Amino acid sequence: MATIDAANLGVPMAILAMAAATYLTRIAGFWLMAHVPVTARVRRMLEALPGSIVAATVLPFVLQSGASAVFAVSAAAGAMIVFRNDFAAVAAGMLVAVFARSFGF
Amino acid sequence: MVSNSNSDDAPYWSRAGLVEGVRLTLPALPSVTVFAAAFGTLAAQKGLSFIEATVMSAAVYAGMAQLVAMGIWADSLTLAAVTALFFVTLAVNMRFVLMGASLRPWLGKLPGWQVYPSLYLLTDVAWLVATRYRAGGRSDASVFLGSAAVLWVVWVAATMPGYLLGAMVSDPRRLGLDLVMPSMFVAMLVPLWRGARRAMAWLVAGVAAVAASYLIPGYWFIVIGAIAGSLTGGLVDGDD
């Protein structure tokens with residue numbers, strides 16, 4: 001469906017470029033941390049990293065998605081605290097989202 | 001989780017770990033399926049062939065980057081267009097750099113020839129599953145690999161019907177499918193909780209990310225927020 005001649009090579013090249021860029025990001029951090037001395041401070045930074053990634057990913061999304069998303073992730077967190085189970089957390093999040101949206105939130 | 005790094009904490013591989021990784025990933029599969037199908041549909045609309053769309057899912061294997069790439073996909077893929085795709089992909093996937101860095105204290109004890117190929121399959125969900133498992137004090141690296149492998153299979157497999165059938169789920173929002181990933185993410189904060197003092201870093205990360213999402217175009221807000229949180233974590237005095 002790629003019509004022009006350039007596109008015949010263009011698509012494989014594009015896929016290759018995207019795959020290379022992605023693999024680079026996947027290994028760069030792991031590789032880099034082998035060359036950074038892990039002091040007590042760096043260790044604390046690494047410990048704070050997972051939760052920070054989670055917060056930085058979810059909070060902007062939730063605020064942009066509105067009240068239903070706020071209810072849903074709150075329900076997910078609540079279910080996780082009570083049941084300590086990811087299935088329960090995801091189910092609670094989806095159920096509350098469907099419920100809230102059916103009421104127009 | 002990094003703090004109790006004594007010798008019996010060393011990472012290892014096991015078949016049971018692979019199965020455990022697959023099991024822990026099951027809650028994410030519905031949304032991954034819909035996400036991949038959405039990419040397939042979009043790729044068909046942009047004029048990619050069935051093979052091209054499938055190969056892209058298999059080789060690139062990064063949902064957000066693939067969707068963004070379809071957004072800027074040019075009919076004529078000149079060298080400039082391919083270069084742009086390279087850098088946009090780099091930017092969208094910058095969060096993987098941080099995820100990889102956070103895996104170092106755990107997987108760094110394995111030989112590189114085992115870790116670097118495994119990292120080809122690093123995605124948000126596999127990182128999430130592995131990190132959550134690791135926070136429980138266990139260290140079987142196969143949990144990461146099992147999770148990553150099943151996600152790859154589902155991602156590639158779901159691209160195909162998405163391409164062939166068009167949008168399978170007309171409105172994922174009404175089914176709450178857009179909230180599967182955020183729910184999993186938020187649920188992960190529970191086992192990661194180490195007291196309000198440590199959670200200061202998360203708060204800074206969240207606020208910085210929200211601010212960045214308004215001020216800076218593109219997908220930099222995740223990386224900016226995460227680095228702000230990590231720096232805060234480094235500055236808060238350790239109580240251990």
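Two residues are in contact if their C-beta atoms, placed from the backbone, lie within 7 Å. The model shown is predicted: local features need pLDDT of at least 70, side-chain atom pairs count only at pLDDT 80 or more, and totals for chains, interfaces and linings use all residues. Residues are numbered from 1 along each chain as its sequence is written, while chains are lettered from A and ligands numbered from 1 in the order in which they are written.

**View 1. Met18(A) and its partners in chain B.** Leaving aside neighbours within four places in sequence, Met18(A) is in contact with Val60(B), Ala65(B), Ala69(B), Leu85(B), Phe86(B) and Thr89(B). Met18(A), Ala76(A), Ala205(B) and Ala209(B) touch the most other members of the largest nonpolar core, which has 113 residues. Such a core is a set of buried Ala, Val, Leu, Ile, Met, Phe, Trp, Tyr and Cys residues joined through C-beta atoms within 7 Å. A residue is buried if 20 or more other C-beta atoms lie within 10 Å of its own, exposed if 12 or fewer, and partly exposed in between, with C-beta atoms placed from the backbone. The largest share of this core, 12 residues, comes from α2(A). Helices, here and below, are DSSP runs (H or I, at least four residues) numbered from the N terminus.

**View 2. Ala65(B) in helix α4 of chain B.** Ala65(B) lies in α4 of chain B and counts as buried because it has 25 C-beta neighbours inside 10 Å. Not counting residues up to four places away in sequence, Ala65(B) touches Met18(A) and Thr22(A), as well as Val60(B), Thr89(B), Val92(B) and Asn93(B). Ala65(B) and Val88(B) are 23 residues apart in sequence, and their C-alpha atoms are 7.7 Å apart.

**View 3. The contact between chains A and B.** Chain B gives 78 residues to the contact and chain A gives 65 residues. Helices that each supply at least two residues of the side of chain B that touches chain A include α3 (50-59), α4 (63-71), α5 (79-92) and α6. The largest share of that side, 12 residues, comes from α6(B). By class, the side of chain B that touches chain A has 51 nonpolar, 21 polar and 6 charged residues. Here Ala, Val, Leu, Ile, Met, Phe, Trp, Tyr, Cys and Pro count as nonpolar, Asp, Glu, Lys and Arg as charged, and the others, Gly among them, as polar.

View 4. Of the 14 residues of α6(B), 13 are buried. The end C-alpha atoms of α6(B) (residues 94-107) are 20 Å apart, which agrees with the 20 Å that 14 residues should span at 1.5 Å a residue; the expected span is 1.5 Å times one less than the number of residues. Thr131(B) is found in helix α8 (residues 124-135) of chain B and is buried, with 23 other C-beta atoms within 10 Å. Beyond residues up to four places away in sequence, Thr131(B) touches Pro50(A) and Ser102(B). The C-alpha atoms of Thr131(B) and Trp106(B), 25 residues apart along the chain, are separated by 9.6 Å.

**View 5. Packing of α2 and α3 in chain A.** Helices α2 (residues 40-65) and α3 (residues 67-83) of chain A pack at an angle of about 135°, with their axes 5 Å apart. That makes α2(A) oblique to α3(A). Axes are lines fitted to C-alpha atoms, for helices over the stretch in contact, and angles run from 0 to 180 degrees between N-to-C directions; under 35 degrees counts as roughly parallel, over 145 as roughly antiparallel, 65 to 115 as roughly perpendicular and the rest as oblique. Val58(A), Val62(A) and Ser65(A) of α2(A) meet Ser68(A), Ala69(A), Val70(A) and Val73(A) of α3(A). The residues of this contact divide into 5 nonpolar, 2 polar and no charged.

**View 6. Two loop residues with positive phi.** Arg84(A), in the loop between α3 and α4 (86-102) of chain A, has phi near 55°. Arg84(A) is exposed, with 12 other C-beta atoms within 10 Å. Tyr61(B), in the loop between α3 and α4 of chain B, has phi near 50°. Tyr61(B) is buried, with 24 other C-beta atoms within 10 Å.
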